[in-house]
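Let's take a friendly walk through a protein model. Keep the picture in view as you read, and look for each part as it comes up.

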Amino acid sequence: MRFFHLPPQIFRLVILIFAIVVSYLVARTLLTPDSFRDTGFYRGAALAEHTEAHQPVFAGKKACGERHPKVIATLTKGGHKTLSCEGCHGVVSQEHLKDPDSKMIKPTEKVCLRCHEASPSRPAWFKQIIVKDHYSEKCIECHLPHEPNEVQ
Amino acid sequence: MLATFGGVFAGLLALPAARALKKKFRKSPAPNGYDARQHKWLMCIDVDKCIGCGLCADACKSENHVPEAPHFFRTWIERYIIKKPAPDSTAVRGEVEVDSPNGGRGGFPPTLVPRDEILKSFFVPKLCNLCEASPCTQVCPVGATFDTPDGAVLVDPTYCIGCGFCIQACPYGCRFLSPVTKTAEKCTLCYHRITRGLRPACVDICPTQARVFGDLKNPLENDPLQAFVQKNKVNTLKPHLGTNPRVLYANLDKEVR
């Protein structure tokens with residue numbers, strides 16, 4: 001290698017650069033998590049962790065329907081068929097699941113008015129009432145929440 | 001001397017190459033046997049059906065344990081009130097007032113705009129727009145937020161350093177910094193629910209079915225999402241920004257930002 005002679009300064013620089021590059025490669029290999037780049041530029045294990053870390057809170061209509069099929073059947077016939085049970089009755093609590101006799105929230109008029117109070121922003125096809133012009137302030141005097149098309 | 005250096009160098013370069021090869025042949029751990037590559041989730045919104053009851057915003061807060069402090073939302077509702085034009089102007093529509101009191105949680109209080117000044121008013125639910133060219137995943141310096149193979153955009157809380165760059169980058173304002181974990185948080189399409197075969201909490205609770213959710217790769221019989229795209233003319237939010245949002249809005253007014 002007589003013809004190819006690096007000056008000593010350059011040679012030391014090459015050693016230094018080499019050392020830096022090597023230490024970077026080693027660090028990167030050791031520090032990158034195993035599942036990185038599995039499905040993209042992220043830690044692939046995060047997907048599974050996300051599912052395991054969180055449990056669903058709302059039970060859903062199907063779960064209620066398993067124990068209360070008659071109510072769901074009535075509901076499906078009327079205008080409230082798209083409603084979820086937990087929208088009015090609150091989240092199915094752990095107590096209700098353990099002790100089915102413990103009742104869920106009994107909705108008050110506030111719950112009805114939350115959707116049905118008249119507002120210029122609500123679409124015209126949606127049934128709305130102005131409370132003070134309506135027959136009564138107590139909704140269930142005339143209405144059956146599970147069969148809203150029937151009026152007593 | 002140079003030869004030994006070259007040898008060591010090549011050997012070290014081989015390490016990441018070997019890892020990459022090993023990865024190709026290793027399957028990702030699937031939660032409950034759920035394979036993210038077999039699904040492509042999408043949520044769409046029918047603006048004409050939203051009655052502004054705020055049940056979705058409340059349900060999301062309960063379902064995802066979003067911090068209670070008022071201004072953190074993974075999904076929220078905005079009310080648009082388009083006023084009548086001033087009597088001496090030739091404009092067809094007047095000013096627009098937008099409000100989102102507490103994100104629409106608990107419903108909206110009556111507006112202070114007098115009834116006879118209102119030309120048109122409606123509610124618009126908003127959420128992560130599931131962009132195809134999402135600016136938020138592009139800017140993350142550590143790779144903590146990403147597009148999942150099945151269409152959601154998630155944040156890896158163990159990786160996020162809380163720099164807030166993604167929060168700044170999202171043009172739809174759907175991200176926030178959680179004061180509890182000090183990491184970025186956003187709508188995950190209720191990932192923990194959809195991987196278990198349930199629907200997102202906001203979709204389940206919506207009383208008028210204004211939120212439509214479905215799997216593009218496995219449409220159901222009478223799939224609501226397929227019916228939605230067949231029946232409606234759709235629009236997206238801020239199309240001029242080039243983010244290619246996947247969330248489609250039916251009956252979207254041009255004043256919606």
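## A predicted model

Please keep in mind that this is a predicted model.

## Chain A: helices, spread out

Let's begin with chain A, which has 7 helices and 0 strands. Its pattern along the sequence reads α-α-α-α-α-α-α. Chain A has a radius of gyration of 33 Å, while the globule rule gives 15 Å for 152 residues, so chain A is more spread out than a compact globule.

Of the 152 residues in chain A, 15% are buried. If you take the contacts in chain A between residues at least 6 apart in sequence, 38% of them join residues at least 24 apart.

## Where chain A touches chain B

How many residues of chain A are in contact with chain B? There are 40 of them, and they meet 52 residues of chain B. On the chain A side, the elements giving two or more residues are α1 (8–31), α2 (45–53), α5 (85–89) and α7 (109–116). The largest share comes from α2(A), with 7 residues.

Sorted by class, this side of chain A holds 19 nonpolar, 14 polar and 7 charged residues.

## A four-stranded sheet in chain B

Now turn to chain B and find an open sheet of 4 strands, in the order β9-β1-β11-β10 and with mixed pairing. Its edge strands are β9(B) and β10(B), the latter covering residues 234–235, and each of them pairs on one side only.

You can see both kinds of pairing around β1(B). Strand β1(B), residues 41–46, runs antiparallel to β9(B), and 5 bridges join them; here Trp41(B) has Asp215(B) as its bridge partner. With β11(B), residues 249–250, β1(B) pairs in the parallel sense over 2 bridges, and Asp46(B) is partnered with Ala250(B).

Is strand β9(B) mostly covered or mostly uncovered? Although β9(B) is an edge strand, it is mostly covered: 4 of its 5 residues, 211–215, are buried. Helix α7(B), residues 224–231, lies across β1, β9, β10 and β11 of chain B, at about 115 degrees to β9(B).

## The nonpolar core and a buried aspartate

In soluble globular proteins, nonpolar side chains tend to be buried together. In this model, the largest nonpolar core has 64 residues, and Cys56(B), Ala59(B), Leu189(B) and Cys202(B) touch the most other members. Helix α2(B), residues 55–64, gives the most to this core, with 5 residues. Leaving out residues up to four places away in sequence, Ala59(B) touches Phe58(A), Ala201(B), Cys202(B) and Ile205(B).

One more residue deserves a visit: Asp204(B), in helix α6(B), residues 201–205. Why does Asp204(B) count as buried? It has 26 C-beta neighbours inside 10 Å, and a residue is buried if there are 20 or more. The C-alpha atoms of Asp204(B) and Ala59(B) are 9.1 Å apart, although 145 residues separate them along the chain.

Beyond its neighbours within four places in sequence, Asp204(B) is in contact with Phe58(A), Gly60(A), Ser84(A) and Arg199(B).

Methods
Residues are numbered from 1 along each chain as its sequence is written. Chains are lettered from A and ligands numbered from 1 in the order in which they are written. This is a predicted model: local features need pLDDT of at least 70, side-chain atom pairs count only at pLDDT 80 or more; totals for chains, interfaces and linings use all residues. A residue is buried if 20 or more other C-beta atoms lie within 10 Å of its own, exposed if 12 or fewer, and partly exposed in between; C-beta atoms are placed from the backbone. Two strands pair if DSSP finds at least two bridges between them. The radius of gyration is taken over C-alpha atoms; the globule rule is 2.2 Å times the number of residues to the power 0.38. Two residues are in contact if their C-beta atoms, placed from the backbone, lie within 7 Å. Ala, Val, Leu, Ile, Met, Phe, Trp, Tyr, Cys and Pro count as nonpolar, Asp, Glu, Lys and Arg as charged, and the others, Gly among them, as polar. Axes are lines fitted to C-alpha atoms, for helices over the stretch in contact, and angles run from 0 to 180 degrees between N-to-C directions. A nonpolar core is a set of buried Ala, Val, Leu, Ile, Met, Phe, Trp, Tyr and Cys residues joined through C-beta atoms within 7 Å.
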